[in-house]
Amino acid sequence: MKNKHLDAIYNGIIRENPIFVLMLGMCPTLAVTTSAINGAGMGVSTTVVLILSNMLIAALRKIIPDGVRMPAYIVVVATFVTLVDFIMEAFTPDLYGALGLYIPLIVVNCIILGRAEAYASKNTVTMSACDGIGMGIGFTIALIVIGLVREFLGAGTAFGVTIYEASSVFEPIAIITKAPGAFLVLAMLAALQNKFKMKSATNGVNGGEEKGCASDCESCGGQCQ
Amino acid sequence: MSDSLSVKASPRIKTGAQWGTLMFDMEIALLPVVLFAAYRFGFGAIKVIMASVLACVLTEWLYDVCLKRKTGITNGTAVVTGLLLGLTLPSDINLYVPVIGGIFATLIVVLLYGGYGQHFMQPALASRCFLLISFADEMTTYTVDGISSATPLTVLQQGGAPSLLDMFLGNINGSIVEVSTIAVLIGFAYLIVRRAVKLIPPLVYVVSFVLYMGLFGGHGFDMSFIGAQILGGGFIFSVAFFASDIVINPRTAAGQVIYGVLLGVLTGVYRTMGFAPESVSYAIICCNLLIPLIDKFLPGKVKEAA
């Protein structure tokens, strides 16, 4: 892709999707995706914090001393999280109640600190903003997809609308909305993403192998060695 | 990669035994249990077992077709998984439950981990736990001849004393396999004759479970209590068909002893302190997860495959 801004956004959504490829920010992913709405709320609030903190950290990247950069990043992120926290409490009280503790915990979200450390501290303000937008949209899409699958299988609804009711023919699989279901759905979606070899950082040039590890290291895209 | 370097699915050490013959032995060993279920519960139980077997076989076939590779259903492993799963369910359960269970056991527990021989957990039991959490009401409502009543273990948990003879002969309520102790023992005897089982883990499992129940069960070594604990629930079935599994077991004898003790103690802990009266399946899948650890610390000497 020629445009470097669009490329940074595309990178966050597909090639280095924070959930399915980088496997960052697993706590909120597993905990709040009991429904698509909750996933979307979590995704959007994280995106806002991510974009703003990326921009501010990129702007301050030449001022922050290397030795105390982590505490400095935390202060920047915590400021924006507090803003988002208050705004959500005031305007979306239902969603705020559903997400609960996970809003303040955005402060220690690996994606935000990871992008600050790996990207924003080395790039310009506009590029960092694009990176934040891409990563945020990638995170939000992933959370909505996971939430939608879990909601559909585990409660028979989609975005809160009932699709099917429990009957003698089929009943929602309750375990999918509980904690084990989060791991199952996340792993299945990541496996599908790998199987269909969507262009991402972890799908090597030669592609994966057929089965487990048959010690066929040459054609394996894995990083085990 | 040359053929001499290719790694085939386990069992690797036992010579002469193939997946096909082993699984055929398992099917024969399970036949008495299925026949007894047909006699005791009628057509309902057969429908449940058929649904579960079909779900397992079709899932594996579809998966192989989708991945465009030679299908492995002819060696009968999927049939055995389906049989084992179907037998652990209540006899009059809605048919979507065994179907979902079969799909989960085959697809998620086995195929996604690389197929039979590379799975790390008993597929049938993992799937039973999955169903138990998902469909709690369905899975714990047992009906025999149209009458639903408490299973012996529930009676026991509430302080009652079920009759041991009834439990042995099957005049009780429970899942399909819970009522057929004699049939399970016949199948187990057949497997021992065919040498298709490991004997150390089941023996140690029984001994450690009896010791645990005697010491910490709250009733001392009271034969009627311990007898009811052994005959109740899926204990005998799990000893005969799951603890003795030739694949999901530690490699060395010492490891198998540790595995057996863990099984016995965990089953005891779950039965005495757990909320649910029956927890053998949880105990077994927990211990399945520890097998790689046991093998790591007690690797033993692995003989070269002939």
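Met23(A) is found in the loop that runs between helix H1 (4–15) and helix H2 (26–32) of chain A, and in this predicted model its phi is near 55°, a positive value in a residue other than glycine.

The C-alpha atoms of Ile19(A) and Gly138(A) are 7.8 Å apart in space, although 119 residues separate the two in sequence.

A positive phi in a residue other than glycine is also found in chain B, where the value for Lys68(B) is near 55°. Lys68(B) lies in the loop between helix H2 (43–66) and helix H3 (77–87) of chain B, and, with 6 other C-beta atoms within 10 Å, Lys68(B) is exposed, because 12 or fewer such atoms place a residue in that class.

**Helix pairs**

Two packed helices are described by the angle between their axes and the distance between the axes.

| Helix pair | Axis distance | Angle | Handedness of crossing |
|---|---|---|---|
| H3(A) and H7(A) | within 8 Å | roughly 165° | right-handed |
| H13(B) and H14(B) | within 9 Å | roughly 150° | right-handed |
| H10(B) and H13(B) | 7 Å | about 35° | right-handed |

In chain A, the axes of helix H3 (residues 36–59) and helix H7 (residues 125–155) cross at roughly 165°, and the two helices are therefore roughly antiparallel to each other, as angles over 145 degrees are classed in this way. The residues of the contact of H3(A) with H7(A) divide into 19 nonpolar, 11 polar and 2 charged.

In chain B, helix H13 (residues 253–273) and helix H14 (residues 280–297) have axes that come within 9 Å and cross at roughly 150°, which makes H13(B) roughly antiparallel to H14(B). On the H13(B) side the residues that meet H14(B) include Gly255(B), Leu262(B), Leu263(B), Leu266(B) and Tyr270(B), and among their counterparts in H14(B) are Ala283(B), Ile284(B), Cys287(B), Leu290(B) and Asp295(B). By class, the contact of H13(B) with H14(B) has 15 nonpolar, 2 polar and 1 charged residues.

H13(B) also packs with helix H10 (residues 200–216) of chain B, at an angle of about 35° and with the axes 7 Å apart. Among the residues of H10(B) in this contact are Ile200(B), Val204(B), Tyr205(B), Phe209(B) and Phe216(B), while those of H13(B) include Ala253(B), Val257(B), Gly260(B), Leu263(B), Gly264(B) and Gly268(B). The contact of H10(B) with H13(B) has 14 nonpolar and 7 polar residues, and no charged residues.

**The nonpolar core**

Leu263(B), which takes part in the contact of H13(B) with H14(B) and in that of H10(B) with H13(B), is, together with Val33(B), a residue with the most contacts inside the largest nonpolar core, a set of 129 residues. The element that gives the most to this core is H7(A), with 10 residues. Leaving aside neighbours within four places in sequence, Leu263(B) is in contact with Tyr205(B), Ala243(B), Ala283(B), Ile284(B) and Cys287(B).

**The chains as a whole**

Chain A has 8 helices and 2 strands, arranged along the sequence in the pattern α-α-α-α-α-α-α-β-β-α. Of its 225 residues, 36% count as buried, and residues 24 or more positions apart account for 71% of the contacts in chain A with a separation of 6 or more.

The secondary structure of chain B comes to 14 helices and 2 strands, and buried residues make up 46% of its 306 residues. Within chain B, 75% of the contacts with a separation of 6 or more are between residues 24 or more positions apart.

Technical notes. Residues numbered from 1 in each chain as written. Chains lettered and ligands numbered in written order. Predicted model: local features only at pLDDT ≥ 70, side-chain atom pairs only at ≥ 80, totals over all residues. Helix = DSSP H or I, 4+ residues; strand = E, 2+ residues; numbered from the N terminus. Buried ≥ 20, exposed ≤ 12 C-beta atoms within 10 Å, placed from the backbone. Axes fitted to C-alpha atoms, helices over the stretch in contact; angles between N-to-C directions. Parallel < 35°, antiparallel > 145°, perpendicular 65-115°, else oblique. Left-handed = near helix turned anticlockwise from the far one by under 90°. Nonpolar A, V, L, I, M, F, W, Y, C, P; charged D, E, K, R; others polar. Contact = placed C-beta atoms within 7 Å. Core = buried A, V, L, I, M, F, W, Y, C linked by C-beta atoms within 7 Å.
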